[in-house]
Amino acid sequence: MDRTYTISQESFLSRIHRGIARKVPWYVWWLLPGLILLGVVTMPPFIWIIWMTFRKIFLSPTRPDIYVGVANYIQYFTDPEVYAAWGKMGKYVGGSIALQMGLGIGIAMLLNKSKHEDVLMAIYLVPLMFASVVTAYLYRVLLHSSYGLYHWLLVTFGIFSHRSPSLFGNPDTALWTMVMIDTWQWTPLVILIVLAGLKTVPRSIVEAARIDGAGKWRVFRDVIIPFTSPAILIALLLRFMDNVRFVDVILNTTMGGPADATKTISVYTYYLAFRQFDLGYGATVGFLLLLVVIFAALILTNVFRKYITAEG
Amino acid sequence: MTKKETYLSFSRLLGIIALIIFGIWTVLPIVFMAFASFKMQVEIFAMPRFGDWGGLARWFVFKPTFLHYRELFGGRADFTRYLINSVILTFVSTAICVPLGLFASYSLSRGKMPGKDTIFFWVITTRMAPPVVVCVPLYFLFIRFGLIRTFPGMVLAYTTFSLPFAIWLLRGFIDAVPREIEEAARIDGLSRLRVFINVVIPLIRSGIGAVIMLVALFCWNEYLFTLILGGRQWETMPVRVTELQTATGVFWGQVLAGGTIVIIPMVIFGITVRKYIVRGLTMGALR
């Protein structure tokens with residue numbers, strides 16, 4: 001009796017299984033593990049963040065959190081620090097991306113023509129492998145105002161006077177120093193991606209254009225740029241997303257200082273959450289940052305898609 | 001460009017100078033770190049007078065000491081443990097992330113499902129969330145489910161935050177594989193899984209190499225999540241390096257030695273597979 005029961009249940013289960021398997025197409029099974037993992041880990045925090053933006057959170061066992069409506073949002077739009085932080089963010093992200101894309105495209109084109117491309121790439125690649133934390137500490141030594149190598153060079157070349165503060169210590173230069181460090185570390189990634197893009201330019205078309213009398217600039221503008229634009233856009237999108245997110249170097253060098261000169265919106269979020277423990281308002285600042293990033297990425301990817309379809 | 005161009009034109013000279021300057025700017029900090037990590041702390045800071053180039057040259061000539069490395073691995077810093085943590089976490093997370101990404105991106109590339117692009121965009125948006133924002137709720141959730149300071153919790157975090165990137169790149173590679181090849185194999189009687197493993201994966205292997213490299217790099221260098229979710233048990237080397245700073249000051253020699261140890265495996269890995277990265281990216285992601 002027992003035995004019959006087991007057998008019948010097994011066949012019943014396997015019949016259900018086969019039924020589902022026939023109805024659900026293969027690609028769902030292949031996609032699900034990854035999507036479930038992503039959903040389970042990223043969605044609850046996301047919903048929690050939205051929930052927190054409507055509350056004041058005290059992090060105390062005796063004092064319960066309270067619902068405050070849109071008070072956090074009102075605070076956001078009346079907070080002068082938010083506007084200042086966005087301004088710094090704009091300078092930091094804009095400066096970094098402009099420098100990295102410019103340098104990256106230029107160096108990649110030079111590399112593509114060089115006989116020593118392989119060796120040079122191996123050298124140029126190294127900063128990309130640095131942990132951001134290590135980068136931060138390394139530059140703290142290099143820029144130190146009494147024993148930093150870079151500071152020494154700056155004074156020796158007469159750019160700095162003997163008694164200047166370090167690049168980090170001066171509110172006028174701190175943010176641009178961050179741009180410089182970010183450029184040092186991440187230009188290699190742009191070079192890699194653009195170099196890969198340059199390899200997809202068919203040599204025959206370049207030569208045909210030359211034979212037809214196109215000058216160097218024409219070849220660059222009308223042949224090389226269209227073929228490499230997908231690569232350039234990928235590099236741009238990647239750098240944009242990471243530049244907005246990452247705070248590691250700033251947190252391990254200036255901590256947002258001096259005089260808040262490097263307090264970008266991401267750093268400000270960190271301050272609110274981990275220094276002032278104002279989690280509700282911190283979540284609001286972070287959530288609105290995320291919305292802006294998603295919106296910007298949507299625009300970028302649409303531009304990207306247009307390029308792809310334009311090429312066929 | 002071609003071998004015929006043996007003369008040195010002005011623009012070529014300019015290009016070579018640019019490449020050299022960029023090289024110096026890239027290499028100087030790295031050389032400085034490597035040298036300084038073998039110097040005594042006092043010697044690191046013994047910079048010459050401003051303008052004294054001979055003194056600067058002498059800074060690079062010294063008797064190397066392994067003191068900092070010995071202190072890192074033998075002393076209180078206990079670097080061995082964190083090195084092992086880093087290796088295990090990176091290895092396991094990459095080993096889970098890349099196969100998951102492969103299946104998901106193949107499905108997103110070949111499946112005839114509605115809303116494919118929306119799903120794909122959602123996947124990418126999960127990568128855009130600033131870690132600073134995510135880590136607070138994630139911290140409380142991890143406590144709630146007993147995942148904080150545990151190995152499964154750390155692997156879960158690492159895998160999840162690398163997965164969108166893997167799916168993004170891998171989908172490009174798979175899109176670039178001509179469907180006719182797969183259809184021919186299907187007609188020959190291979191199952192979909194067999195086609196994927198025996199036909200598609202070998203075709204995109206340099207792309208997979210690039211993805212493995214980049215995912216491992218992100219895991220190895222992860223900082224904020226590890227700091228907040230890892231605790232003492234699963235702390236990794238990058239976080240450990242920041243702890244060599246105490247109230248009395250920073251152990252700069254140890255920090256620089258630790259930094260050197262952190263970057264060496266990835267630098268070797270990166271230089272070894274750099275051709276795969278360029279070739280892999282050329283193949284798929286850029287179409």
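User: What is the mean pLDDT of chain A, and what percentage of its residues reach 70 or more?

Analyst: Chain A has a mean pLDDT of 84, and 90% of its residues reach 70 or more. The term pLDDT is the predictor's confidence in each residue, from 0 to 100. This is a predicted model, in which local features need pLDDT of at least 70, side-chain atom pairs count only at pLDDT 80 or more, and totals for chains, interfaces and linings use all residues. Residues are numbered from 1 along each chain as its sequence is written, while chains are lettered from A and ligands numbered from 1 in the order in which they are written.

User: Which elements of chain A have the lowest and the highest mean pLDDT?

Analyst: Where pLDDT is low, the predicted coordinates should not be read in detail. In chain A the lowest mean among the elements, 61, belongs to helix α1 (residues 2-23), and the highest, 92, to helix α4 (residues 80-113). Helices (H or I, at least four residues) and strands (E, at least two) are DSSP runs, numbered from the N terminus.

User: What are the corresponding values for chain B, and what scores does the complex get?

Analyst: Chain B has a mean pLDDT of 85, with 95% of its residues at 70 or more. Among its elements, strand β1 (residues 245-246) of chain B has the lowest mean, 76, and helix α5 (residues 79-110) of chain B the highest, 92. For the complex the predictor gives an ipTM of 0.88 and a pTM of 0.87.

User: How many residues of chain A are in contact with chain B?

Analyst: Contact requires C-beta atoms, placed from the backbone, within 7 Å of each other. By that rule 74 residues of chain A are in contact with 73 residues of chain B. Helix α2 (residues 26-52) of chain A supplies the largest share of chain A's side, 15 residues. By class, that side of chain A has 57 nonpolar, 13 polar and four charged residues. Ala, Val, Leu, Ile, Met, Phe, Trp, Tyr, Cys and Pro count as nonpolar, Asp, Glu, Lys and Arg as charged, and the others, Gly among them, as polar.

User: At what angle do α2(A) and helix α7 of chain B pack?

Analyst: Two packed helices are described by the angle between their axes and the distance between the axes. For α2(A) and α7(B) (residues 131-144) the angle is about 110° and the axes are 9 Å apart. The two helices are therefore roughly perpendicular to each other. Axes are lines fitted to C-alpha atoms, for helices over the stretch in contact, with angles from 0 to 180 degrees between N-to-C directions; under 35 degrees is roughly parallel, over 145 roughly antiparallel, 65 to 115 roughly perpendicular and the rest oblique. On the α2(A) side the residues are P44(A), P45(A), W48(A) and I49(A); they meet V133(B), V134(B), P137(B), L138(B) and L141(B) of α7(B). This contact of α2(A) with α7(B) has nine nonpolar, no polar and no charged residues.

User: How does helix α12 of chain A pack with α7(B)?

Analyst: Helix α12 (residues 265-275) of chain A packs with α7(B) at about 25°, with the axes 9 Å apart. That angle makes α12(A) roughly parallel to α7(B). S266(A), T269(A), Y270(A) and A273(A) of α12(A) make the contact with V132(B), V133(B) and V136(B) of α7(B). The residues of the contact of α12(A) with α7(B) divide into five nonpolar, two polar and no charged.

User: Which residues of helix α7 of chain A are buried?

Analyst: In α7(A) (residues 149-156) they are L149(A), H151(A) and W152(A). These residues cover an arc of only 160° around the axis, which puts them on the same side of α7(A); the arc is that of the directions from the helix axis to the C-beta atoms. They pack against α6 (132-142) of chain A together with α1 (10-36) of chain B. After α7(A) comes G158(A), with a positive phi near 80°.

User: What is the phi of A259(A), and what is that of R149(B)?

Analyst: Most residues other than glycine have a negative phi. A259(A) is not a glycine but has a positive phi of about 50°. A259(A) lies in the loop between α11 (248-251) and α12 of chain A and counts as exposed, with 11 C-beta neighbours inside 10 Å. R149(B), also not glycine, has a positive phi near 55°. R149(B) is in the loop between α7 and α8 (151-175) of chain B and, with 16 C-beta neighbours inside 10 Å, counts as partly exposed.

Key: Contact = placed C-beta atoms within 7 Å. Buried ≥ 20, exposed ≤ 12 C-beta atoms within 10 Å, placed from the backbone.
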